[in-house]
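The stops below go from one selection to the next.

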Amino acid sequence: MHCSDISGLSSDTLFRLLHKMLIIRETEEWIAQKVGSGDIKCPCHLAVGQEAAPVALSEHLTESDRVYGTHRSHNHYLAMTDDVEGLISETLGKESGCSKGMGGSQHLIKESKGFGGSVPIVGATIPIAAGAALAMKMRNMSSIAVAFFGDGATEEGVIHETFNMAAKMQLPVCFVCENNLFASHLHILQRQPASSTVRFARAHNINYIQLDGNDVALLYRKLKLIVGKIRKNAFLTLLK
Ligand SMILES: Cc1ncc(C[n+]2csc(CCOP(=O)(O)OP(=O)(O)O)c2C)c(N)n1
Ligand SMILES: [Mg+2]
């Protein structure tokens, strides 16, 4: 059995990480129940099992940063905002929702907390994150942008255009591929010649690291270093 190395993390930090992951899991279980009962009518994609990466990353971000999500972003939204009520109201179509009840599960936003938005079009927020990073760079800010996306998004042309531009312009953006091996019903090996997506970063001379998305302590430690470097413009350096 894989045992997570929790050395160097205080009990406060570990408690906070676990607490946040449980809030996300329980909120999504509630949402699933309400979809089943018909109270929630918008399409909902759950992120069960994908809580650790956004929770660990959000620990190193502030509301001046900008996180962009996908069709499956309850986890990204809650990790950044802690806004359970805004998410639940949104899925119920209420005006008190984070998008005033007009967006539903797949159109979440809360810029005051650093969540720049999620949309259902696969790959669509990746260039938006790069655009935010460009604005941050032009304004000499120390903020960073984050684009979460699935393995399926690596099959969209826009991601490769964005990687090229981000690498060339050395933008302060962190691309996070949550590779759950599936896009809809198809396993990645039925769609691509390899199951790891890091080759796309390599192809654009973007620095990368491949991490176990279920190991929150590892993610916390590694992402702390990476975010710190991106803030100083020292991570997205071209590989020799
Ligand atoms: C441009 C575009 N093409 C197709 C779809 C339909 N679609 C919705 S989710 C999905 C699969 C996405 O897979 P992945 O990016 O791996 O994310 P996951 O669902 O695994 O989190 C597809 C093809 C879409 N929303 N947008
Ligand atoms: Mg996937």
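Which residue in β4 does F149 stand opposite? Select F149 and look across to β4: the residue there is C177. Keep in mind throughout that this is a predicted model.

Now widen the selection to the two strands. β3 covers residues 145–150 and pairs with β4 in the parallel sense, over 6 bridges.

Next, show the whole sheet. It is an open sheet of 4 strands, paired in parallel and ordered β2-β1-β3-β4. Colour β2 (115–118) and β4 (173–178): these stand at the edges, and each has a single partner strand, so one side of each is left without a neighbour in the sheet. From one strand to the next, the twist averages 15°.

Select A129 next. Apart from neighbours within four places in sequence, A129 is in contact with R66, Y68, A145, V146, A147 and V173.

From there, go to the largest nonpolar core, which has 52 residues. A129 is among the residues with the most contacts inside this core, together with A56, V146, A147 and V173. Helix α8 (residues 216–231) gives the most to the core, with 7 residues. In soluble globular proteins, nonpolar side chains tend to be buried together.

Last, select ligand 1. It is surrounded by 13 residues, and the closest are V122, G150, D151, G152 and A183. The shell divides into 6 nonpolar, 5 polar and 2 charged residues.

Notes: Residues are numbered from 1 along each chain as its sequence is written. Chains are lettered from A and ligands numbered from 1 in the order in which they are written. This is a predicted model: local features need pLDDT of at least 70, side-chain atom pairs count only at pLDDT 80 or more; totals for chains, interfaces and linings use all residues. A residue is near a molecule or strand if its C-beta atom, placed from the backbone, lies within 6 Å of it. Ala, Val, Leu, Ile, Met, Phe, Trp, Tyr, Cys and Pro count as nonpolar, Asp, Glu, Lys and Arg as charged, and the others, Gly among them, as polar. A nonpolar core is a set of buried Ala, Val, Leu, Ile, Met, Phe, Trp, Tyr and Cys residues joined through C-beta atoms within 7 Å. A residue is buried if 20 or more other C-beta atoms lie within 10 Å of its own, exposed if 12 or fewer, and partly exposed in between; C-beta atoms are placed from the backbone. Two residues are in contact if their C-beta atoms, placed from the backbone, lie within 7 Å. Two strands pair if DSSP finds at least two bridges between them. Axes are lines fitted to C-alpha atoms, for helices over the stretch in contact, and angles run from 0 to 180 degrees between N-to-C directions.
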